[in-house]
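Hello,

Here is the structure I promised to pass on to you. Have a look at it first, and then read on for what turned up when I went through it.

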Amino acid sequence: MNDSLLSAFLWGGLAASPLLIGYFLAVRGLSNRTIGLVMGIGAGALISAIAYELVPESIMVGWNIAAAFGLGALAFFFGDLIIDRQGGEDRKDIAGGQAGGSGPAIFIGTLLDNVPESIILGMSVASGGAINLAFLAAVFVSNLPEGVAGSLNLKTSGYSRQRIFRMWTLLVIISAACAGFGYLLIRWLPGAEGLYAQAFAAGAMLTMLADAMMPEAFEHGGLLVGLFTVLGFLGSAILSMIQ
């Protein structure tokens, strides 16, 4: 059990590690168009993961599951609304123009985006004994542009590079801990399969995609983002089929 818990913790940290990679890419000045295209790939991969992994796994039938799906969407919507009003509205803006942004709000908003994903990763380890590669890949790719955007906006808000790096490192550790919590949740509740949690996470993630990720991708990546989104969806779908 301890080895499996450690595995869940490490996978959760790995999935969030692109936030740090995004930090280094932001320092090197990666073009907004390139980041927008990567964001399109990540969005497509997450849509595929929701469609092939979370929704089917949660057996999308019955009012209880549908309610969990809707509650996930509402939870993200209202959580995001609060964060926006506290200064985190443009945390995914890869142009880095959020001069009046709040560092804590950007940090908490990024954490809000990562918590459902991390918990589901931990649950997948507890349920099947192995990580879901398609979902892991989708989360990994989608976190890369978020790391770039968050780093740029924190820098614009007056944060030093060292402080930004420490904030992202802490966020990776918290994400890893959330994956460990997801693992323990299944172990603490005998017979639980995480179906409601998966439906809840699917609703939250889909709302996040429509609210921030896709608009930002198209704004900076242009029309090609549509094709790259299909590419991300296809790659994630293939991983789901062959796993």
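This is a predicted model: local features need pLDDT of at least 70, side-chain atom pairs count only at pLDDT 80 or more; totals for chains, interfaces and linings use all residues.

Is Ile83 buried or exposed? Its relative accessibility is 9%, and buried means under 20%, so Ile83 counts as buried. Ala105 is 22 residues away from Ile83 along the chain, yet their C-alpha atoms are separated by 5.7 Å.

Stepping back to the whole chain, you will find nine helices and zero strands. Written in sequence order, the pattern is therefore simply α-α-α-α-α-α-α-α-α. Of the 243 residues in the chain, 49% are buried. If you take the contacts between residues at least 6 apart in sequence, 83% of them join residues at least 24 apart.

Now for the inside. The largest nonpolar core has 36 residues, and the members that touch the most others are Leu46, Leu54, Phe135, Met205 and Met213. Which elements give two or more residues to this core? They are helix H1 (2–16), helix H3 (32–57), helix H5 (103–128), helix H6 (133–156), helix H7 (161–188) and helix H8 (195–221). H8 provides the largest share of the core, with nine residues.

Met205 is worth a click in your viewer. Leaving aside residues up to four places away in sequence, Met205 touches Leu46, Ile50, Leu54, Glu117 and Phe135. There is also a second, separate core of 14 residues, with Leu20, Phe107, Trp168 and Val172 among them.

Finally, a look at how H8 meets its partner H9. Two packed helices are described by the angle between their axes and by the distance between those axes. For H8 and helix H9 (residues 224–242), the axes come within 8 Å and cross at roughly 130 degrees. That angle is why H8 and H9 are oblique to each other. On the H8 side, the residues in this contact are Met214, Ala217, Phe218 and Gly221, and they meet Leu224, Val225, Gly226 and Thr229 of H9. Sorted by class, the contact of H8 with H9 holds five nonpolar residues, three polar ones and no charged ones.

Conventions
Residues are numbered from 1 along each chain as its sequence is written. Side-chain values use heavy atoms; hydrogens and water are left out. A nonpolar core is a set of buried Ala, Val, Leu, Ile, Met, Phe, Trp, Tyr and Cys residues joined through side-chain atoms within 4.5 Å. Buried means under 20% relative accessible area, exposed over 50%, partly exposed in between (1.4 Å probe, protein chains only). Helices (H or I, at least four residues) and strands (E, at least two) are DSSP runs, numbered from the N terminus. Contact means heavy atoms within 4.5 Å. Axes are lines fitted to C-alpha atoms, for helices over the stretch in contact, and angles run from 0 to 180 degrees between N-to-C directions. Angles under 35 degrees count as roughly parallel, over 145 as roughly antiparallel, 65 to 115 as roughly perpendicular and the rest as oblique. Ala, Val, Leu, Ile, Met, Phe, Trp, Tyr, Cys and Pro count as nonpolar, Asp, Glu, Lys and Arg as charged, and the others, Gly among them, as polar.
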